[in-house]
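Please look through the sequence and the model below before reading on. The points after it are meant to be checked against the structure.

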Amino acid sequence: VQLQASGGGLVQPGGSLRLSCAASGRTFSSYAMGWFRQAPGKEREFVAAISRSGGRTYYADSVKGRFTISRDNVKNMVYLQMNSLKPEDTAVYYCAASGSTWFPPNRYDYWGQGTQVTVSS
(Lines give C-alpha, C1' and ligand atoms only; values in the text may rest on other atoms or scores of the structure.)
Protein backbone atom coordinates (compact mmCIF):
# COMPACT_ATOMS: atom_id res chain seq x y z
CA VAL A 1 0.00 0.00 0.00
CA GLN A 2 1.31 3.41 -0.94
CA LEU A 3 -0.07 6.43 0.86
CA GLN A 4 -0.07 10.09 -0.19
CA ALA A 5 -1.21 12.73 2.28
CA SER A 6 -2.28 16.22 1.30
CA GLY A 7 -4.30 19.18 2.48
CA GLY A 8 -1.98 20.79 4.97
CA GLY A 9 -1.40 24.51 5.16
CA LEU A 10 -1.45 27.62 7.29
CA VAL A 11 -4.62 28.35 9.25
CA GLN A 12 -5.53 30.77 12.00
CA PRO A 13 -6.42 29.53 15.49
CA GLY A 14 -10.03 28.43 15.56
CA GLY A 15 -9.98 27.57 11.88
CA SER A 16 -10.46 24.30 10.05
CA LEU A 17 -8.57 22.11 7.64
CA ARG A 18 -9.30 18.77 6.02
CA LEU A 19 -6.42 16.42 5.37
CA SER A 20 -6.71 13.72 2.75
CA CYS A 21 -4.76 10.53 2.27
CA ALA A 22 -4.93 8.64 -1.02
CA ALA A 23 -4.07 4.95 -0.96
CA SER A 24 -2.98 2.82 -3.87
CA GLY A 25 -3.80 -0.83 -4.27
CA ARG A 26 -6.96 -2.90 -4.40
CA THR A 27 -6.85 -4.01 -0.76
CA PHE A 28 -7.44 -0.66 0.90
CA SER A 29 -10.49 -1.93 2.76
CA SER A 30 -8.31 -4.62 4.36
CA TYR A 31 -6.47 -2.01 6.40
CA ALA A 32 -7.37 0.04 9.39
CA MET A 33 -6.10 3.56 8.91
CA GLY A 34 -4.60 6.12 11.22
CA TRP A 35 -3.33 9.65 11.41
CA PHE A 36 -0.26 10.64 13.40
CA ARG A 37 1.57 13.92 13.87
CA GLN A 38 5.02 15.10 14.81
CA ALA A 39 5.79 18.57 16.07
CA PRO A 40 9.32 20.01 15.96
CA GLY A 41 11.46 18.56 18.72
CA LYS A 42 8.76 16.11 19.78
CA GLU A 43 8.07 12.45 19.20
CA ARG A 44 5.46 11.32 16.75
CA GLU A 45 2.06 10.93 18.39
CA PHE A 46 -1.15 9.16 17.56
CA VAL A 47 -4.08 11.33 16.47
CA ALA A 48 -6.91 9.13 15.22
CA ALA A 49 -7.73 5.71 13.82
CA ILE A 50 -10.58 4.21 11.82
CA SER A 51 -11.47 0.56 11.35
CA ARG A 52 -11.53 -1.26 8.02
CA SER A 53 -15.22 -0.69 7.44
CA GLY A 54 -15.21 2.78 8.94
CA GLY A 55 -17.63 1.69 11.63
CA ARG A 56 -15.28 2.33 14.52
CA THR A 57 -13.08 5.31 15.29
CA TYR A 58 -10.63 6.14 18.04
CA TYR A 59 -9.07 9.47 18.99
CA ALA A 60 -6.33 10.89 21.11
CA ASP A 61 -7.75 12.85 24.02
CA SER A 62 -6.08 16.01 22.74
CA VAL A 63 -8.20 16.05 19.57
CA LYS A 64 -11.42 14.36 20.70
CA GLY A 65 -14.42 16.49 19.83
CA ARG A 66 -12.44 18.63 17.38
CA PHE A 67 -11.12 16.17 14.80
CA THR A 68 -13.05 13.59 12.78
CA ILE A 69 -11.54 10.71 10.86
CA SER A 70 -13.44 9.15 7.98
CA ARG A 71 -12.78 6.95 4.98
CA ASP A 72 -14.17 6.13 1.56
CA ASN A 73 -13.38 2.56 0.58
CA VAL A 74 -14.60 3.12 -2.97
CA LYS A 75 -12.24 6.02 -3.57
CA ASN A 76 -9.43 4.54 -1.43
CA MET A 77 -9.30 7.68 0.65
CA VAL A 78 -9.05 8.54 4.33
CA TYR A 79 -9.72 12.00 5.70
CA LEU A 80 -9.05 13.98 8.83
CA GLN A 81 -11.39 16.91 9.38
CA MET A 82 -9.78 19.27 11.87
CA ASN A 83 -11.89 21.97 13.50
CA SER A 84 -11.21 24.50 16.25
CA LEU A 85 -7.53 24.29 15.51
CA LYS A 86 -5.04 25.41 18.13
CA PRO A 87 -1.39 26.47 17.82
CA GLU A 88 -0.43 23.23 19.58
CA ASP A 89 -1.89 21.30 16.64
CA THR A 90 1.00 22.55 14.52
CA ALA A 91 2.88 19.53 13.23
CA VAL A 92 3.63 17.37 10.26
CA TYR A 93 0.69 15.00 9.85
CA TYR A 94 1.13 11.45 8.54
CA CYS A 95 -1.36 8.83 7.44
CA ALA A 96 -0.67 5.16 8.03
CA ALA A 97 -2.20 1.78 7.24
CA SER A 98 -2.44 -1.17 9.62
CA GLY A 99 -2.98 -4.84 8.85
CA SER A 100 -3.44 -5.59 12.54
CA THR A 101 -6.60 -7.38 13.59
CA TRP A 102 -6.73 -5.32 16.77
CA PHE A 103 -8.61 -2.05 17.01
CA PRO A 104 -7.30 0.41 17.70
CA PRO A 105 -4.32 -1.04 15.88
CA ASN A 106 -1.20 -2.00 17.81
CA ARG A 107 1.05 -1.50 14.82
CA TYR A 108 1.11 0.31 11.50
CA ASP A 109 2.67 -1.27 8.45
CA TYR A 110 2.71 1.46 5.83
CA TRP A 111 3.31 5.18 6.14
CA GLY A 112 2.79 8.09 3.83
CA GLN A 113 4.87 11.21 3.57
CA GLY A 114 3.76 14.01 5.83
CA THR A 115 1.81 17.17 5.21
CA GLN A 116 2.57 20.29 7.23
CA VAL A 117 -0.15 21.91 9.29
CA THR A 118 0.64 25.28 10.84
CA VAL A 119 -1.81 27.01 13.16
CA SER A 120 -0.81 30.60 13.70
CA SER A 121 -2.20 34.11 13.62
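This is a predicted model: local features need pLDDT of at least 70, side-chain atom pairs count only at pLDDT 80 or more; totals for chains, interfaces and linings use all residues.

1. Start with the peptide bond from Phe103 to Pro104. The bond is cis, and its omega is near -5°. Pro104 sits in the loop between strand E9 (91-98) and strand E10 (110-111).

2. Next, look at Asn76. Its phi is near 55°, which is a positive value in a residue other than glycine. Asn76 belongs to the loop between strand E7 (67-72) and strand E8 (77-82). The relative accessibility of Asn76 is 17%, so the residue counts as buried, the cut-off for buried being under 20%.

3. Ser84 also deserves a check of its backbone. Phi of Ser84 is near 50°, again positive in a residue that is not glycine. This residue lies in the loop between E8 and E9. Ser84 counts as partly exposed because its relative accessibility is 41%.

4. Strand E1 (residues 3-6) shows side chains that alternate between two faces. E1 pairs with strand E3 (residues 17-23) in the antiparallel sense, over four bridges. Within E3, Ala23 is the bridge partner of Leu3.

5. How many salt bridges does a search of the whole structure find? The search gives five. One of them joins Lys64 and Asp61, with an N to O distance of 3.0 Å. Lys64 is partly exposed because its relative accessible area is 49%. Asp61 has a relative accessible area of 68% and is therefore exposed. Elsewhere, salt bridges that share partners connect Arg37, Glu45, Arg66 and Asp89 in one network.

6. Arg37 can be followed through two of its contacts. In its salt bridge with Glu45, the closest N and O atoms are 2.5 Å apart. Glu45 counts as partly exposed because its relative accessibility is 34%. Arg37 itself has a relative accessibility of 5%, so it counts as buried. Arg37 also forms a salt bridge with Asp89, where the closest N and O atoms are 2.9 Å apart. This pair links distant parts of the chain, 52 residues apart: Arg37 is in strand E4 (residues 32-38), and Asp89 is in the loop between E8 and E9. Are Arg37 and Asp89 buried or exposed? Both are buried.

Methods
Residues are numbered from 1 along each chain as its sequence is written. Side-chain values use heavy atoms; hydrogens and water are left out. Buried means under 20% relative accessible area, exposed over 50%, partly exposed in between (1.4 Å probe, protein chains only). Two strands pair if DSSP finds at least two bridges between them. A salt bridge is a side-chain nitrogen of Lys or Arg within 4 Å of a carboxyl oxygen of Asp or Glu.
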